[in-house]
Amino acid sequence: MAMATATMIMSRMMNMPPSSSTPSSSSSPLATQSLSTPSSPSSSRQASSLPLRTIPGSYGWPMVGPISDRLDYFWFQGPDTFFRSRMEKHKSTVFRTNVPPSFPFFLRVNPNVIAIVDCKSFAHLFDMEIVEKKDVLVGDFMPSVGYTGNTRVCAYLDTSEPKHAQLKNFSLDIMKRSSKVWVAELQANLDKFFDTVESEISTNGSSSFFSHLQTFLFYFLSKSLLGADPVLDPAVANSGPLTINLWLGLQLLPTVPVLAFQPLVEIFLHSYTYPSALVSGGYQKLYSFIEQHGKEVVQRGEQEFGLSASDSINNMIFTLGFNAFGGFSLFLPTLIGIIASDKTGLQARLRDEVKQVCGSSSSGLSFDSLKDMELVNSVVYETLRMNPPVQLQYARARKDFQLVSHDSAFDIKKGELLCGYQPLAMRDSNVFDEPESFKPDRFVGKGKELLNYLFWSNGPQTGSPTESNKQCAGKDFVTMSASLIVARIFQRYDSISGDSGKITAVEKAN
């Protein structure tokens, strides 16, 4: 039962909005409309030049409104249609609505949000002068701290909380130190993944590669981030990916659409919080694994950042499982599927760029080599734009302020919860030319300026994670790792075929 639940949750989490057209090779010009810098606060001067508008939409009658919106969100429409239809109804990219979870079994959760679906308004979610991030990672609902060893991990802390700086700097230090082995571990474990895929294609005619990808991720991330080799603990080596899937699935279950077996899904999966005791055994195994084999990182947390061992380990598990393993598990199948299913000649162009920059030997791959692979990087960025791993970003108003969209200003009151739907914000036609089309060259050359408006990591791609913001500590490692994976594909192969779920054929490089 638990395995089936986790599989269902993870498959739904991977069901991201598809691009509406085949990849094109034409580049994307910058939008002509002037935009404020995403990372800067909205000034009153900017707001005064726009008409002040009352935020449209409503929350409906108590209990009735949230239930109606919940059924639309989970059952009748799905998230994409849910936000699009309300944007069109209200003729506004800022509006009031409800997002799950809600009544009847989430009595302390307020589903009322101000939805944001355009790029300019979206930038307010990252301005820590006007918003706070305390306990709003997945909205007003917060999973039990039992899922994280009875610790409020860094992702749930606001920047004003003293421990946030300690934990964020600890995370940044982990990323900095892991850079020494990151590329080598990625390549070694990635080649094992491809060897397995090739063997499966030879035997079965295709490879449903997701489970192999997660094994690669678990080994690579454990060794890079934690300095701990799963081989040293056979129980963790065999069960690690499933343990993390169950842990992720059960704590997020009330917030994740599952497109099957309605109305049973609504009754049994979206109406309860599941106790952390269901995954406590697996979590404790991960904890003990890090405690025993990741001692060096744990000791740095204690000696250099003043953290307790439990704080260090619980935050490391969250970084490993939620941020890294979970995020890559959502993003990489989409990236591989886009490349493998392309019919426009993109693969040949990627192969030529990779061979020109670093040849066919894995020794030629490095973080530095990525600087000269503009197309490879652009394909990664464009995949993140159209298919962001995390679809919803939340923030609570720290004070009264004016939120500015492209055409209006809106009064936001202290304490109101903002909910940004990222897939729509990243298809803002005021910013991105032909926003519904996948354009592999969009971020090449002058197009790199658009990275100021590429939001996927709690901030713009051009931003930098610091102790004073909530941008992902490993943001740059995600994009560089994805680019290294694409580059390694075209060192090993002249072409690959398949989609987001399967690789059906590979043609080895000459």
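User: Where is I503 found?
Analyst: I503 is found in strand 9, residues 503-508. Strands here are DSSP runs of E with at least two residues, helices are runs of H or I with at least four, and both are numbered from the N terminus.

User: Is this a predicted model, or what am I looking at?
Analyst: It's a predicted model: local features need pLDDT of at least 70, side-chain atom pairs count only at pLDDT 80 or more, and totals for chains, interfaces and linings use all residues. Residues are numbered from 1 along each chain as its sequence is written, and side-chain values use heavy atoms, with hydrogens and water left out.

User: OK, back to I503. Buried or exposed?
Analyst: Buried, with a relative accessible area of 4%. Buried means under 20% relative accessible area, exposed means over 50%, and partly exposed is in between (1.4 Å probe, protein chains only).

User: What is I503 in contact with, leaving aside neighbours within four places in sequence?
Analyst: V197, I201, S206, S207, F209, I336, S497 and G498. Contact means heavy atoms within 4.5 Å.

User: Where does S206 sit?
Analyst: S206 is in the loop between helix 6 (162-204) and helix 7 (210-226). S206 is buried too, at 17% relative accessible area. Beyond four places in sequence, S206 is in contact with E200, I201, K502, I503 and T504.

User: New topic. What's the strand order in the open sheet?
Analyst: The order is 1-2-7-4-3, five strands with mixed pairing. Strand 1 and strand 3 (131-132) are the edge strands, each pairing on one side only. Two strands pair if DSSP finds at least two bridges between them.

User: How many bridges join strand 1 to strand 2?
Analyst: Five, and strand 1 (residues 94-98) and strand 2 run antiparallel. In that pairing, F95 has A115 of strand 2 as its bridge partner.

User: And strand 2 to strand 7, parallel or antiparallel?
Analyst: Parallel, with three bridges to strand 7 (residues 417-421). I116 stands opposite G420 in strand 7.

User: Why is strand 2 largely enclosed?
Analyst: Four of the five residues of strand 2 (residues 112-116) are buried, so the rest of the structure largely encloses it.

User: What about strand 3 and strand 4, parallel or antiparallel?
Analyst: Antiparallel, over two bridges, with strand 4 covering residues 392-397. V131 has A397 in strand 4 as its bridge partner.
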